[in-house]
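Subject: Structure for you to look through

Hello,

I am handing over the structure we spoke about, and below it you will find notes on what turned up in it. Please keep the model open beside the text as you read.

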6 protein chains.
Amino acid sequence: VPERVVSINGDLVPESRAVVSYRDRGFRHGDAAFDTLRTFHHELFRLEQHLDRLDRSLRYIGIDPGVDRRSLVEQMTGLVRTNAALLEPEDDYWVTIRVSRGEDPPTRGQTPAGQPTIVISCDPLPFERFADMYLDGVRLLTTSVRRTPPECLDPRAKLSNYLNQIMADFEAKEIDPSARPLMLDTEGNLAESSGANFFLVRDGRVLTPPEEFVLGGISRAATLELARGLGIPAEEHRLTLFDVYTADEAFLTATSFCLMPVSKVNRWALRSCPGPVVLRLTAAWSELVGVDIVQQAQRIARALVPA
Amino acid sequence: VPERVVSINGDLVPESRAVVSYRDRGFRHGDAAFDTLRTFHHELFRLEQHLDRLDRSLRYIGIDPGVDRRSLVEQMTGLVRTNAALLEPEDDYWVTIRVSRGEDPPTRGQTPAGQPTIVISCDPLPFERFADMYLDGVRLLTTSVRRTPPECLDPRAKLSNYLNQIMADFEAKEIDPSARPLMLDTEGNLAESSGANFFLVRDGRVLTPPEEFVLGGISRAATLELARGLGIPAEEHRLTLFDVYTADEAFLTATSFCLMPVSKVNRWALRSCPGPVVLRLTAAWSELVGVDIVQQAQRIARALVPA
Amino acid sequence: VPERVVSINGDLVPESRAVVSYRDRGFRHGDAAFDTLRTFHHELFRLEQHLDRLDRSLRYIGIDPGVDRRSLVEQMTGLVRTNAALLEPEDDYWVTIRVSRGEDPPTRGQTPAGQPTIVISCDPLPFERFADMYLDGVRLLTTSVRRTPPECLDPRAKLSNYLNQIMADFEAKEIDPSARPLMLDTEGNLAESSGANFFLVRDGRVLTPPEEFVLGGISRAATLELARGLGIPAEEHRLTLFDVYTADEAFLTATSFCLMPVSKVNRWALRSCPGPVVLRLTAAWSELVGVDIVQQAQRIARALVPA
Amino acid sequence: VPERVVSINGDLVPESRAVVSYRDRGFRHGDAAFDTLRTFHHELFRLEQHLDRLDRSLRYIGIDPGVDRRSLVEQMTGLVRTNAALLEPEDDYWVTIRVSRGEDPPTRGQTPAGQPTIVISCDPLPFERFADMYLDGVRLLTTSVRRTPPECLDPRAKLSNYLNQIMADFEAKEIDPSARPLMLDTEGNLAESSGANFFLVRDGRVLTPPEEFVLGGISRAATLELARGLGIPAEEHRLTLFDVYTADEAFLTATSFCLMPVSKVNRWALRSCPGPVVLRLTAAWSELVGVDIVQQAQRIARALVPA
Amino acid sequence: VPERVVSINGDLVPESRAVVSYRDRGFRHGDAAFDTLRTFHHELFRLEQHLDRLDRSLRYIGIDPGVDRRSLVEQMTGLVRTNAALLEPEDDYWVTIRVSRGEDPPTRGQTPAGQPTIVISCDPLPFERFADMYLDGVRLLTTSVRRTPPECLDPRAKLSNYLNQIMADFEAKEIDPSARPLMLDTEGNLAESSGANFFLVRDGRVLTPPEEFVLGGISRAATLELARGLGIPAEEHRLTLFDVYTADEAFLTATSFCLMPVSKVNRWALRSCPGPVVLRLTAAWSELVGVDIVQQAQRIARALVPA
Amino acid sequence: VPERVVSINGDLVPESRAVVSYRDRGFRHGDAAFDTLRTFHHELFRLEQHLDRLDRSLRYIGIDPGVDRRSLVEQMTGLVRTNAALLEPEDDYWVTIRVSRGEDPPTRGQTPAGQPTIVISCDPLPFERFADMYLDGVRLLTTSVRRTPPECLDPRAKLSNYLNQIMADFEAKEIDPSARPLMLDTEGNLAESSGANFFLVRDGRVLTPPEEFVLGGISRAATLELARGLGIPAEEHRLTLFDVYTADEAFLTATSFCLMPVSKVNRWALRSCPGPVVLRLTAAWSELVGVDIVQQAQRIARALVPA
């Protein structure tokens, strides 16, 4: 069986043999930053914006990747091209680039610290997990776990220290395996889901928590642009659960699914799901990327189900 | 050259070939817990206490290591025995056991989540880094980075999400490469250094921040016991920088160096360093473990310096 | 059908005709304090302690009930005696006394504010709701809703402003109708359930959050006494979810069920439920009150189920 | 003497016989939401906006009133029409609608929870309490009691849990019976008075705390509109006591008095009271509602004073 | 008229000519620490403890007074001896020692920073202000101003940055010129009055907020000792207003008046004032210092009133 | 040698004899407000704005200076004119006006509180300290000391309680004598340096923390105006260290140096220093004030260095 390849510091290695040292600080301490993209028609979407964000994350934790932008672009597009051979034409990849600080040197002697480890990999998009949700919506559950405050580790950097979100994800998933968490910040304002930004619609306006305390999602930015392009007022606002319980619609944005309606938050069903604003934005997304995102997800998800 | 071996899920592998998959959640998310021990006379010190703590850390993040206590003890003692052949008789090992949640399954299909990855490794103790500090003391610098609050990720679990402490460590090390951070919690109380507990001595009493907001160090517990054994009142207390600036002595405890006097915190030199209480506790430690901890560090550190 | 009576300002009224004015500040603003007791063998348990607590709650919100202690005791014991005729000999009552600030005067004119409204009522204990839980334990779910801080309204007063706990209760019950909330305070420490105190057992010690931020339950105090009487160390301690996830047993205390084992908190099953300490404390409770509390609940609950 | 009637679940009942069960959750727990309106020329002002807000409050605490909007409008306007017969032509009503979750079912058996209790009532506006303050201003006193944070119970919902504001009101009133509290939020920002919104004027700009942490008053919204209509910049802004002490004017808004100048906050007298901006806004209010609000209050208040 | 003298850097200067440069950092920035003592029978009470505390305050802000302990003791006792000539035998002094960082050097050139300025002065104790309060008690008012948190400036150091307490004092005094503030910390716990510590008595126990967030008063420590000597349990405890409203007695301690009963906090009158515990402690104080503190204050206060 | 004069309550006194009483509340408690200006061509820059700010600071702490605006303007301009004789034509003064609450009255008797003390003084600008930094930039270090929150003492008032900033300044200066602190607020947001406002530049936009939690600098306001005049978007925004680490440029503004590039914050060197935006703003400043601010500082600084 042919196998996808992974780029490790520029070398292409089959997935099953793609490894890092047990001394890698990524493995030891989560001492790494990453970013996640997806392709449309096998092309990486908003690659420059994602690399800008990766650059900010790396600067924040003080890792110099040691590779220039052009080289990163080439490695990433090259990898996608190579792995595209294993993909149906209408299917697409989820692409991750991760940069760790490299291996810890031996505890004795003068060996300098290692070079960063750069791993780029492609995964088929998990359409099965979310295809139905474009119609049914996703259920969110608020958690007792709060999003880490900026004075401890800034949520705006995308880092391999994910246990805060994982703890929240478990708190939600244990209750409903298809649910996702809706995390609050330490002051009780809405922050974000795990790996996805939260939006709500009220009186025809689109609102999302300010970027100050959440990851500045690329899909989040694209959605704000699309809304404004459609003449829908869209802005950042401090929000609480009161806003959710009195909203008309709500949705998440993320790289993998672009935009996903929310059906319910805790015991409150949203007034409509998918609501009219979500539907307009979904159509705008499909137009922007040249792919009907709902159809693509559903067609491939169905194909995966054994007859 | 003979090489130390590492235990990966029970298999002994030479260090240079000890690897984990790029899909391991330890590498991807820091989704792992760990514990660090050291040997005295090549015997693991307080192994049961360390495994109890590892067990609490794992329970907190919901990882079942899938291996019973006896087996872990055998793997760890076996590994130390094997690697002891590469160690001078008077030298000792730093031993780490790390348990990650294992590999992420493929994004499509029904493959269940992977089994935990258990990595046990031995490193020579870095005596060069701290041998002189038993006499000179270590300098601490408070940082603007605050220790993560329990509602986000509990500091009492020893987890592979170390960027909070790494950011603090960098803030201190950039100023003085031999300094260590003294982190405060989000309310401004003293918490801990990166990987070490903080103590101070005032009016003959030994004080340390309550375990509620810091890692419950095994060396910390041993030091409290030793102090009480010597008739020195020793207790947990909420502390602030005011306590530091008006203290007589201060010290850190950690697995590697046991107990280390502090010379200075920010611009305040402690009244004495090493002070009388630190010296009594250091002697008590040496007696407890059957090794003169200062002499051992200094002898080996000197041997490492090229003539 | 004979009907229970309710005492309204000392008058005995059948339940179906026991009413308060729509102008009562209890109805308008929740401007009232209350306390809840239960009987054993038709005798009110720790009546003086409950009236002391009611007195503190009333002083806090500045309501003078206008009735002395002896009269309250007489009204309450008299009411229980009267209603006892409607109760099986082995059954018992849940008794509530509520004191509101009385009616708002007309908006115009010089009518002074009304006198307090004192309502005392008896309800059969809802054994059906919890009889099985003595064996199976109760499931707790932490909530995003946090317990109101003392600077806003002190949790130590038992007041008719219950929406904070009701919101938490809904967040838990929507997920599992038999679950109860485990609320945190605004700093992320464990506080209490809705109307019940939380305890855990670790290494043979019984721990409960300090009374500073939770209601000082009478059953909580009785349980601490019983534990100490059994030689089990029992103390107040700031606790977080880490303590729960690493505990051996956990339980709730409340007036209605006395003491109830906890089976699970979020996704963590406690190590044993009912565990050995819970069983000893349950036996001690039964001895203290002269009733086998588990048998009573189960016998009556069974009797209620239609054949 | 003819008596006003109250609507209880649609039935018209004389005030003196308008009652709710002692089991009503409104009486037991303050488990209710409400809204307060007033009439001008015996017409309810901004009824739709008030019902929208009531709807948001009810959704937040999860009460479905079980009655549609049209029916509520009819009940309210009908009640005002009925009671108007008891009012002088130039006088007006204060109208309250309150929706509780209804009666608690018996503690045993399968009786489902009760239906919501809807109480609508009319009170003559208490002009005596504030008529003089249009000229003299009202004194505000900051309190140690802080406004409940959204993570505990959101201040944007108008709920029958009023003890937080009552405690603040008492703290102010004990010092000066005609004073009102000025509450801060838990971070020390200005929030609101008890049942009234706070505004200040500085350098010709009108500022009020953001709606995120205070009740979004209908009179507050009307005042912001009126200011903008007059060409006065008016916006939401986080404010502290420093802003008050350096302001030119300050005022409150509320349903009953519309807009009221503030004379003093703690020991600081405002630079002018009533100041020029307050006077312009008062005139604009009078024009908006077609009633000279100051004259109305003063005329009726004088009429009430016994000769 | 003979005039008291002040010691400025060891020089004795008549009060009317005792000055510091306008460049003194004490005047410019409040950049100074101080301590306040009083005499009994013209002897400084607990001088060593006060100088220990001054030393801690100075160390905290990094001022080295440049004078050894013996010399300070001599200067202080010498000054008291000199000024005692102007005092009635039964009268006593309030003595202040203040150490500023000295003069700012010129903005240009290499002049080093100046030497500390040490000012020691004697004032007759203001018995008129508090003599009656031993019988009537003092009224306390909680304030919206909160005590500065340790992460900003530690309340345990006695520093010339007093505006936080002055703002609180004004908030209280504006309402009642004889009242004093009762400040809360930023979490809403009781902290201290301005320049005095707060205690309450409940069920025969004496409680006071922990020294962690308040100045560790010398009179506070003496009172805890005296209570324990009388067999009254006395301990530090986090306290809130709920504790005050449910207390039996309350009192303040300070250098000037030693111990003073509290009559009222906000609208709550304490159950007894002066209560039995306060009376026992007052008697114990008088015995400790060899002066009937109440009689002394009253006798001298009366003597000061013009006939 | 001729000497500069200082104005004390309107009297001109040589600096060496300009003193205040040891009883002055400015010296005792830092109970004073102040403002600092500078001259360009010997004219006070934005005098009215500075006096407006002084007025706000004084109102906040409740000091009435007892002198009208015109008189203050005359005193200040007069003093500058007098002292200008001692200044080279191309040199300029730093001017401070400080208003304390005046002397504490005697502790006994009815003497009323003293009148405010107004001190106005001129200092040569310390060009030596910062002339080189226009080219090299200033290094900032974040501190563990946090800026005092508004509920304790509002940072928007410029007060003589400077120990909070002094503690931060020491924390920075001990590490690097030429560094300055970058303080965070108690929530971990960027606040200000000691006596200077912080700005950063990102993607061509100028950002600075909102005035709500920092002193509203006059130079800060001028810089925002200048930026907007140059077509550079400039706005207030909540900022964290993440913003700093991902910024293109950063700078401080203050009265003395107007605007100063930042080279480094902790271990992060800014991308450019002085960067293009800083250079444009510096040129705009020079044009605004009619002085090449960089040249002036460098010329005078060089002249001061002994050959």
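Let me begin with one residue: C:Arg101 counts as buried because its relative accessibility is 15%, where buried means under 20% relative accessible area, exposed means over 50% and partly exposed lies in between, with a 1.4 Å probe and protein chains only. This is a predicted model, in which local features need pLDDT of at least 70 and side-chain atom pairs count only at pLDDT 80 or more, while totals for chains, interfaces and linings use all residues. Residues are numbered from 1 along each chain as its sequence is written, chains are lettered from A and ligands numbered from 1 in the order in which they are written, and side-chain values use heavy atoms, with hydrogens and water left out.

Salt bridges

C:Arg101 forms a salt bridge with C:Asp31, and their closest N and O atoms are 2.6 Å apart; the term stands for a side-chain nitrogen of Lys or Arg within 4 Å of a carboxyl oxygen of Asp or Glu. This pair links distant parts of chain C, 70 residues apart, since C:Arg101 sits in the loop between strand E6 (93–100) and strand E7 (117–124), and C:Asp31 in the loop between helix H1 (25–29) and strand E4 (32–40). Helices (H or I, at least four residues) and strands (E, at least two) are DSSP runs, numbered from the N terminus. C:Asp31 counts as buried too, at 0% relative accessibility.

By this rule the count comes to 180 salt bridges over all chains. One of them joins the side chains of C:Arg146 and B:Glu151 (2.8 Å, N to O), and this pair crosses between chains, from strand E8 (residues 138–146) of chain C to the loop between strand E8 (138–146) and helix H6 (163–173) of chain B. C:Arg146 is buried, with a relative accessible area of 0%, and B:Glu151 counts as buried at 8%. Within chain B, the side chains of B:Arg202 and B:Asp243 meet in a salt bridge (2.7 Å, N to O), and both residues are buried. In chain A, a network of salt bridges links A:Arg25, A:Arg28, A:Asp31, A:Arg101 and A:Asp104.

Aromatic rings

The structure holds 60 aromatic pairs over all chains, where rings of Phe, Tyr and Trp (its six-membered ring) pair if their centres lie within 6.5 Å, and planes under 30 degrees apart count as stacked, over 60 as edge-to-face and the rest as tilted. The rings of C:Phe40 and C:Phe45 have centres 5.4 Å apart and planes at 90°, so this pair is edge-to-face, and both C:Phe40 and C:Phe45 are buried. For E:Phe45 and E:Trp285 the centres are 5.8 Å apart and the planes at 50°, so that pair is tilted. Because E:Phe45 lies in the loop between strand E5 (43–44) and helix H2 (47–61) of chain E, and E:Trp285 in helix H9 (residues 276–289), the pair ties together parts that are 240 residues apart in sequence. E:Trp285 counts as buried at 1% relative accessibility.

Where chains meet

F:Arg59, F:Glu151 and F:Arg156 supply 42% of the area that chain F buries against chain D, more than any other three residues. The side chains of F:Arg156 and D:Asp243 meet in a salt bridge (2.6 Å, N to O). By contrast, chain A and chain E do not touch, and their nearest C-alpha atoms are 13 Å apart.

Best wishes

Technical notes. Buried area = accessible area lost by both parts, 1.4 Å probe. Contact = heavy atoms within 4.5 Å.
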